Amino acid sequence: MHKNNVDVLCGDNAAFLLDSNHDNMFLKAMKDAFSFHYLHLPVYKKYCDNYGFTPKDLKKYGDLNKMPFIFVNVFKQKKLLTVKDKDVQMIITSSGTGGRKSYMYLDNISLRRIIKIIYNIYNDFGMYNRSQKTNYLCFTYDPLYAADVGTAFSDKLLATLTLINKIYYSIEFDKRIKDFRLNKEKSLKVLKDYEQDGLPVRILGLPAFLYEVIKDLGKGFKLSRKSHIIIGGGWKTLKDKEIPKDEFRALIEEKLGMPKENIRDLYGLVEHGVPYSECEYANMHVSIYSRVIIRDPGTLKVLPPGKTGLIQLQTPYINTIPAISILTGDMGVLHYDCPCGRKSPVLKLMGRGGVHKHKGCAITALDILK
Amino acid sequence: MHTHFVFGEFIETEDYVSLKELNGILSRAEKLRDNMPAVGIDDIIEILHKTGLRWLRKSYHLRKKALKLMPGIVGFSAEMAAEAINQMAQSLNEKNLKRKIRIQLRDRYLLDKFIFQLKERNYLKLQSLGIVSHISAGNVFAGPVDSLVQGILTKNVNVLKLSAADPVFPLLFLESLREVDKDKKIISTIAAVAFKGGTKDIEKELKKRSDCIVVWGGDETVESYRKELPVKTSLIEYGPKISFSVLTCDGLKKKGMPQAAKLIAKDIVMWEQRACSSPQVIYIESKCNKAIGAFLEALASELSAIKKNYPYPELSSDEKVEITKARLISKMDEAFGECEVLESDKDQSWTIVYDKQDKEKPSPLNRFICVKPYDDINKLAGKLKKIRYYMQTASVLANPKEFMHIVSCLVSSGIDRVTEIGKMSSGKPGSPHDGKFELEQLLRWVNIESLPERFDIMKNLQYEEVKKPALFHAIYEIFDFSRKFSPFYKNLYKGREIKTWDDFYSLPVIDKHDLYKNTPPKRNKLLTGSLSESYIFSSGGTTGAPKFSFYTYEEFEQVTDILTDTYLSAGIRNTDVVANLFVAGNLWASFMAVNAALEKIGCVTMPVAGNSDMDSIISFLSSFKANAVLGLPSIILQLAHYIEAKKIKNIKIEKILYGGEHFTVEARKYLKKVLGTKIIRSAGYASVDAGPIGYQCEHTKDTVHHVLSDYVYVQIIDPETLNPVPVGQTGEITVTLLKRKFMPLIKYRTGDSGRIIAESCHCARGDVLFELLGRCDDVVRVGSVSIYPHEIEQAFRDIPGLSHIYQLVADTKRNKDILTVRIELKDDRKVDKKALSARIKDNILKQDFELAWVLQERWLEDLFVEILPPGRIPRTGAGQRGKVKRVVDNRKIK
């Protein structure tokens, strides 16, 4: 079967080798993806036509900057489906921080590709070994009750990087209050159990919950040195409890007895899917499967490395929705000097862009209706 | 480093103020509350006014500093910051402050003292609440200053929380206030401190120890102050608000597209849409069809053009993100065919989203406007009800027929304020804010009810205030004001200063010639401003050029208040039916002033006017059983004669208040007999130029009056030397008006002679007594008009054979005035005296229409001209060389 350009890219396991060869592969894949959505989704075609940039204009790698992008919140408001509803295998949602849910639609093609991408990325980090027996502690919603929640999906996926020995989802569905609740006591018990097992441990999920569990520990644990923590999604609703990154890492090292190099935060968006995971130096890397462009928040001009601006993300793997080029509301900056030696830019997050409270005494209707 | 302002002093601290420090400040505030320095509202207004004037000066150092700092702090262009400063400074203008107080609190002196309420018949006073804490919002530029000024006007102790976003501007304002307020009358009662918002223990303490909290800000801040608020503390909330415009097709057509777009662009641009009064949505009638497209184009071009005057500010990165988001989301909606997006090319300086499907859209402000069509105003209003609490201003452009319907729909959906387009951002001083009169909320009304005799307690409460230092202060104020704003006085008082009473005594006096030469229509040198919001009255000169007097509406209102008091003290009560028989027309003041005063007393008022037909007057009086009349003596006497002659029985006039001239003793007896009158008193001593000067009480008789000492300072001077005469001695009455600022009169000669009476009155009112003793100059009032000899002289000056020796004699016949003009012949030659006297009389009546009129109306019973041989007019002093008295008044008024 003829492998198309997108599949070629996703199948390439040199996850962080951003050389001209891979740039070229990325361009080809993007051309295919762009044409696909442009041809199959009329409203997207209209959007691009209004924008003044269509697939025929995407000729060289440098043209990628000129591609139209969709603001990520659009996917919260509108169903922009390029494929037929029946082709959608899975709908993933994310509660997000702003109130409205995000949606990601995955068909077989997209699903297959993103799984490949994730395996390739973590393989490069040495964290992919399907025969390694591992105990999992997930600070995420129990997938039994929340299979379609983004974090639950990605953690479920991340739990397949190794062979599961035991797994525990700590945010249990409490039938009495009909809501999810962190089971702190059980989590500690599980940790104790995993410590005795001596197998590598993987802790996944939201950092705030992990912090909640370990912050008051008198005596810590001594987990296997081969243990990893993959956290992501930020502090969300517990923003006011957020502690500085270094402090958090030191605390984990102290309380769990594992090297802090094995703590890996990740940046990801449910509408985008490609993870920007930290390397052993705690720098988030861009992989060959996507590109990060930093734009001036006002003029939207592309900013050079070192300058902070809005984060734009491009990836060709998504077959379902035209989220192949999106502008996020997050601020970030790119640089190229990670001591880990990977030939890939590092994305540093600079917080969420936008105002929570408008200056002055005006209020907007949307704020009122929230 | 944080700067704070603590009761007049700036202090700096490393950190925010601690709970302990705040408690110290609140303790000082409590002490102040219990012992508030007595500062009059006029002093407060003056200090604020002067502060405002400073801010308006381009060279003012704090203005310059603010213009340098504020754009960076609040994200305004320098032009917009200047606009905000100008508006703030304008709001402190004396006129605007007074207007605001007048509208919101009736009478500003209620803030100083108990004032008798004529209609309600009780005393009222406005008392401050005590300690008012203002929680200022981030980035509302002049908002904290506005809040503070309201606290100052209402004489509260003010504690201001400086917002973290803008801790600068309030402090600059306080610095300027400190420059003006040298005696620390105001600044000693203000603290402005920086503490961290959301600090629970500090907020708790503020709630506990303040009497009132004014909170500005978002829902969260408002809620956090609502929570656990002690019952004794009141909360005034200025939460966030939303505003919009409504345009109809007819309205647009009438205004014209370019003009409408221009005005709306201005509304959008002002304060970068961050004010609660800024429009976020323009609702346009959907049946406008094609006109909508044209409107969008016009608005786009105006929003581009307005950048010249109001450059787009440098926004924060977060604000830029908001605009970017909103634009991108709208563009996808556009691809779906839901809306159209128009935006500036290279920057974010304007965005128009024409939202055809009326979906809620993000509104990032900063010149981002949503235009939505609406079919039916009722439906629109229904939809807007969802956000009722947050609604503030709507500007409406509609034809007059639609207008009120639209407004009433919008009001039902929660709108507090309706303006024209282009006027959304500029609040009219005194208008309510967010549906409330702000000043009133910072005060409590205190009243004293059921008092049998008002003046006794009045004086007990207020006597201290009329004592000499206060009087001198009042005189100084008007002196200082006049020389600043009136070119006439500026020139007159060049190089003069008044520090003592002697300084005042040595100031030059002025007379009516000074007045008429320097006021319109001749020239405007004496007035302190141009003619606006004012009355022009004529003093009704008999011949020659009419003489005019000028009052602002506020001043005229004050006059009618005084007349109300005057009539009350003279005996008019709200149970009376009172006929106003003063003369109406010809720019005369009395008739309308009397109506206004009677209205305030609450009696039945009959605006009859003495120049009406006598039969009508009689019929009105009898039909409505008038029991009191006010008017000129000659008219009242004519009325009595008529009643007597026609043997009318059913008219009994219990009370007569007269003005303009006096009744003779005989006339009083006659009136009592014919009309059954019990009270005959002066309706007050007043002149058109000077206004009210004196009033009578139940104990004053004949021509004795009390001085209206709150309003006028009366001084008796020697007409020759112009020095003040000792108490009791006769001289010319000169007046200094303490409250007339538009046409100030300082040491103004009334032309009336009089004397101060040393004894105090039995009535205990405390106002000094004086007695009127006629005119100083050669003028006689007969039949209600003033006759000047030199004017009469013109009627015969050119007739050969007549000398220039003549005399005017006033007499009474059947209690009515008679004027006789006596003229001596040059020599003993024979003349036809009858013919000559008829010719002269004819001349007089031709040149003096008023005299002719009063004669015709028989207010003046008769006019005689006597031609006499030489030497027949009596001389005063030695024989033929003695002086001929120009005017002889044989009427007995005492």
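How many residues does the contact take from chain B and from chain A? In this predicted model, chain B gives 43 residues and chain A gives 36 residues. Between them the two chains bury about 3,500 Å². Carbon and sulfur atoms account for 71% of that area. On the chain B side, the most area is lost to chain A by B:Leu328, B:Ile329 and B:Met332. Together these residues make up 17% of what that side buries.

Two salt bridges are found between chain B and chain A. One pairs the side chains of B:Asp333 and A:Lys78, with N to O at 2.3 Å. Three elements of chain B each give two or more residues to the side that touches chain A: α3 (61-75), α9 (219-226) and α13 (317-335). The most comes from α13(B), with 15 residues. By class, this side of chain B holds 18 nonpolar, 10 polar and 15 charged residues.

Helix α4 of chain B covers residues 78-91. Its 14 residues should span 20 Å at 1.5 Å a residue, and the end C-alpha atoms are 20 Å apart, so the two values agree. Buried positions in α4(B) are B:Met80, B:Ala81, B:Ala82, B:Ala84, B:Ile85, B:Met88 and B:Ala89. In an α-helix, residues three or four places apart point the same way, because there are 3.6 residues a turn. The buried residues of α4(B) pack against α2 (41-56), α3, α6 (143-153), α7 (169-180) and α11 (257-269) of chain B.

Methods: Residues numbered from 1 in each chain as written. Chains lettered and ligands numbered in written order. Predicted model: local features only at pLDDT ≥ 70, side-chain atom pairs only at ≥ 80, totals over all residues. Heavy atoms only, no water. Contact = heavy atoms within 4.5 Å. Buried area = accessible area lost by both parts, 1.4 Å probe. Salt bridge = Lys/Arg side-chain N within 4 Å of Asp/Glu carboxyl O. Helix = DSSP H or I, 4+ residues; strand = E, 2+ residues; numbered from the N terminus. Nonpolar A, V, L, I, M, F, W, Y, C, P; charged D, E, K, R; others polar. Expected span 1.5 Å × (residues − 1). Buried < 20%, exposed > 50% of the residue type's maximum accessible area, 1.4 Å probe, protein only.
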